[in-house]
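Please read it alongside the coordinates.

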Amino acid sequence: VKTYNSNQQVPDSAGTATAMNTGVKTRAGVIGVGPAAFRRDCASARGAELATIADAAVAHGKDYGIVTTTRITHATPATVYAHLPERDWESDAYLTEAQLEAGCVDIARQFVGLPPERAPAITLGGGWREFKPVAENGKRRDGRDLVAEWLAAEPGRQYVTRADELDGLRAESTVLGLFSRSHMPYEALREETTSGPGIVAMTTAAIDHLEARGKGYYLMVEGGRIDHGHHDGQPGLALSEAQAFANAVQAAVDRVNLGETLILVTADHSHVFTLAGYPTRGNDILGLVYGNDRSGRPMAEPTLGGDGQPYTTVGYANGPNAVRGERPRPDTGLTAVAQSLVPIEYVTISGDTSHDETHGGEDVAIYAIGPGSDAVRGVIEQNRIFDIMMGAWGFGVAE
């Protein structure tokens, strides 16, 4: 899958997820609007809204749902239901007065403002801070409690905040689960006593709920903290999140009828993450490189670089632990921040300075099983994923 945005060789998640959910490649940083819209420009986004796969589901009498380990207002889940020219506008806390006066509506308000017939049947993830006022430890400056507004919009809605509440979902209910103030905890760092579910539990609960409603459905499941582990330069956390996501995929495969359900697994982009250095087979993936001697046997001491220091099996082309000057001995282990080559520095929407690792621009894999999976072949543009899903439903487009 080619992942570039319409205006960037190396993409961001808002543009890539929009491509998958709408069938249109667009600019980096925008949500559910076409490439005619410029980032943070409300006027240019007006009229550029794109129809989504969720719109198609609703139009044909089907349901849709969202599962994510990030905030539900974060870039990828937001592209399922929102339309605006800035991914960072998750609540009104991030918009200026001028932008609000220009008619810009934040992502949380767009979610709550969906009419009942257009709302997702189930949404599970993190990020209640974007729905709650500052007085309640939320982010909202307008003082609104959007969770209360969401509950009042339709009789019988269910709002859940703990894993054990997923066992009591009613099929006829529209469900919202917000299990953390911001993103969900990293899987490897979850406390034994945490009240929030992991991605496997959320995935199975969402499938069971949608299956029980009996309409057919589109479900977007995102292991979004894989991305965050890489941005943080912590491969141990990224890889453990990938393991959890793989378990969620297996749970989905085991739960659905593959004779009537298409499952697609892909990434919206890659990262500048690499394995290198000729480590021996069985070498600790999060440890130092131990190579083989001239006879092909594992060596007892780690391999040294030209600077006399050992180095790790995995690393990054850029990121928060970029080497400046003399390279120290690298840290290893689950939460270690891997060494990288180029120091990155940019200012976020909140005014903070970030040193996060960047995305990569190479093609990513896509895997498919079920009806319509034969359309997944060769090298494709990312927006073709939308066509493949529509074709599997028999709504046209895929060949």
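Predicted model: local features only at pLDDT ≥ 70, side-chain atom pairs only at ≥ 80, totals over all residues.

1. The largest cavity has a volume of about 60 Å³. On a 1 Å grid over the protein atoms alone, a cavity is a set of points where a 1.4 Å probe fits but cannot get out; grid points are joined across faces, edges and corners, and a volume is the space filled by probe spheres set on the points. In total, the structure holds 3 cavities of 30 Å³ or more.

2. Residues are numbered from 1 along each chain as its sequence is written, and side-chain values use heavy atoms, with hydrogens and water left out.

3. The lining of the largest cavity consists of Pro235, Leu286, Thr312, Val314, Asp331, Thr332, Gly333, Ala336 and Ala338, lining residues being those with an atom within 4 Å of a point. By class, 5 are nonpolar, 3 polar and 1 charged. Here Ala, Val, Leu, Ile, Met, Phe, Trp, Tyr, Cys and Pro count as nonpolar, Asp, Glu, Lys and Arg as charged, and the others, Gly among them, as polar.

4. Of its 15 lining residues, Tyr311, Thr312, Gly315, Tyr316 and Gln339 lie nearest its centre. Strands E8 (273-275), E9 (314-319) and E10 (340-343) each supply at least two lining residues, and E9 gives the largest share, 3 residues. Helices (H or I, at least four residues) and strands (E, at least two) are DSSP runs, numbered from the N terminus. By class, the pocket lining has 7 nonpolar, 7 polar and 1 charged residues.

5. Helices H8 (residues 199-213) and H10 (residues 235-255) pack at about 25°, with axes 8 Å apart. Thus H8 is roughly parallel to H10, a term for angles under 35 degrees. Axes are lines fitted to C-alpha atoms, for helices over the stretch in contact, and angles run from 0 to 180 degrees between N-to-C directions. The H8 and H10 crossing is right-handed, that is, the near helix is turned clockwise from the far one by less than a right angle. Contact (heavy atoms within 4.5 Å) involves, among others, Ile199, Thr203 and Ile207 of H8 and Phe245, Ala248 and Arg255 of H10. The H8 and H10 contact comprises 8 nonpolar, 3 polar and 2 charged residues.

6. Helix H1 (residues 13-22) packs against H11 (residues 384-393) at about 30°, with axes 5 Å apart, so H1 is roughly parallel to H11. This crossing of H1 and H11 is right-handed. Ala19, Met20, Asn21 and Thr22 of H1 meet Ile385, Phe386 and Met389 of H11; 5 of these residues are nonpolar, 2 polar and none charged.

Key: Parallel < 35°, antiparallel > 145°, perpendicular 65-115°, else oblique. 1 Å grid on protein atoms, 1.4 Å probe; cavity = no way out; pocket = protein on both sides within 12 Å on 5 of 7 lines; lining within 4 Å.
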